[in-house]
Amino acid sequence: MRGAAKLAVPVRRTLERMGAYHGTIEGRAGKLRLDFNENTVGCSPAVRAALARMTRQDVAMYPEYQAATRRLAQFFGVRPAELLLTNGVDEGLRLVFDAFVDPGSRVLLAEPTFVMYRFYAALAGAKVTALRYDGAMRFPVEKVLDALGRRPRVLFIANPNNPTGTLVGKSALGRILKAAPRTLVVVDEAYFEFSGLTVLPWIRRHANLVVTRTFSKAAGLAGLRLGCVIAHRAVIDVLRKACSPFPVNTAALVAAEAATRDVRYIRNYVREIRDGRRELEQALMRLAIPFFPSAANFLLVDFGSHAPRLLANLARQGILLRDRRSDFNRVGYVRITLGTRAQTRRLIGAIEKSW
Ligand SMILES: Cc1ncc(COP(=O)(O)O)c(C=O)c1O
């Protein structure tokens, strides 16, 4: 292909200011995928069976959301009016910006955190107040409470946080919600199944609270894209207004319904991950490699100056980890998604050989 011609059509200013698009990573199939916090074995067989039962008519029709919303609302213990299904949590986050953030309005984050908050903020032309986790990866509660005084439109808290794996406790979240009645507080519980901590029941008490959940992680539906935004119905009404008519495909609805009927599968997977996490932690302690305690299906590890060589060695063996140096401005930090115990043992063996 020839070099791209300079585009004569003006591009949105916020987009022009953003760095180059870094595409997603390709060629991961068949490898030990410990780089994207996905389910490393696959969805429940019950999900596969439900997808196989889809008819040609099901595929030909535009999706209908009422029944699935009712079923999933019941699963989460909320009312259908308090739940919006989105194309992954990613799209739910984008909707929050579309509905609540004007160009120039302020959003609040504590970094390092899930990179899409900053990405959508840049796209929306929002001003970002970015606080930092400290060296021990503690969430800066007091600084957040202070920064709420400037009335940011939205505060994003991933809980557990990606990539640190740390949790903000309920008492801190309660203080934050009370201190910020005019700020939408998004508590992104993408890894809830692994942590067990949720503020979902608070949505009726705090009209400024938005909780997100995903079927991409524990349930293993990342390829189908289904996120859930759960909030006071007044918030959901606003988000729905900004939503495209068919954001979620029928296969995702069928798969999610089947996943919610097979909670045992998720429960067993979570147990496997927790056991694997313990084994990996013990191995890292034996090797005197620092890591941060995690409530999620991944572990943030500091391999120091060995990280680039280790990552390359493991990649050659088909084991993919995620380099997080860009979050900390220094080589060493690597995020490792946990898999089954057998997968974790394979990983430990490879680390031991490369170390
Ligand atoms: C904190 C957090 N939120 C949301 C997502 C994205 O979820 P989804 O696949 O539903 O878009 C991720 C994925 O890595 C994440 O780490």
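**Entry 1: the largest pocket**

I began with the lining of the largest pocket, which by class has 18 nonpolar, 10 polar and 12 charged residues. I counted Ala, Val, Leu, Ile, Met, Phe, Trp, Tyr, Cys and Pro as nonpolar, Asp, Glu, Lys and Arg as charged, and the others, Gly among them, as polar.

I note that this is a predicted model, in which local features need pLDDT of at least 70, side-chain atom pairs count only at pLDDT 80 or more, and totals for chains, interfaces and linings use all residues. Residues are numbered from 1 along each chain as its sequence is written, and side-chain values use heavy atoms, with hydrogens and water left out.

I looked up the lining itself: it consists of 40 residues, and Thr 24, Phe 36, Val 115, Met 116 and Arg 322 lie nearest the centre of the pocket. A pocket here is an open set of points on a 1 Å grid over the protein atoms alone, where a 1.4 Å probe fits, with protein on both sides within 12 Å along at least five of seven lines; lining residues have an atom within 4 Å of a point. Helix 6 gives the most to this lining, with 6 residues. Helices are DSSP runs of H or I with at least four residues, strands are runs of E with at least two, and both are numbered from the N terminus. I recorded about 1500 Å³ of space in the largest pocket, a volume being the space filled by probe spheres set on grid points joined across faces, edges and corners.

**Entry 2: the ligand**

I found the ligand in the largest pocket; the criterion is that more than half of its atoms lie within 2 Å of the grid points. The ligand is surrounded by 13 residues, the closest being Val 89, Asp 188, Tyr 191, Thr 214 and Ser 216; a residue counts if one of its heavy atoms lies within 4 Å. Helix 5 (residues 88-100) supplies the largest share of this shell, 3 residues.

I then listed polar contacts, pairs of N or O atoms within 3.5 Å. A polar backbone atom of Val 89 is 2.7 Å from a ligand oxygen, and a polar side-chain atom of Lys 217 lies 2.8 Å from an oxygen atom of the ligand.

**Entry 3: backbone geometry**

I noted a cis peptide bond between Glu 111 and Pro 112, with omega about 5°. Pro 112 is in the loop between strand 3 (106-111) and helix 6. Arg 225, not a glycine, has a positive phi of about 65°. Most residues other than glycine have a negative phi, and most peptide bonds are trans.

How values were computed: A polar contact is a pair of N or O atoms within 3.5 Å; within protein, one must be able to donate a hydrogen and the other to accept it, and residues adjacent in sequence count only if both atoms are side-chain atoms.
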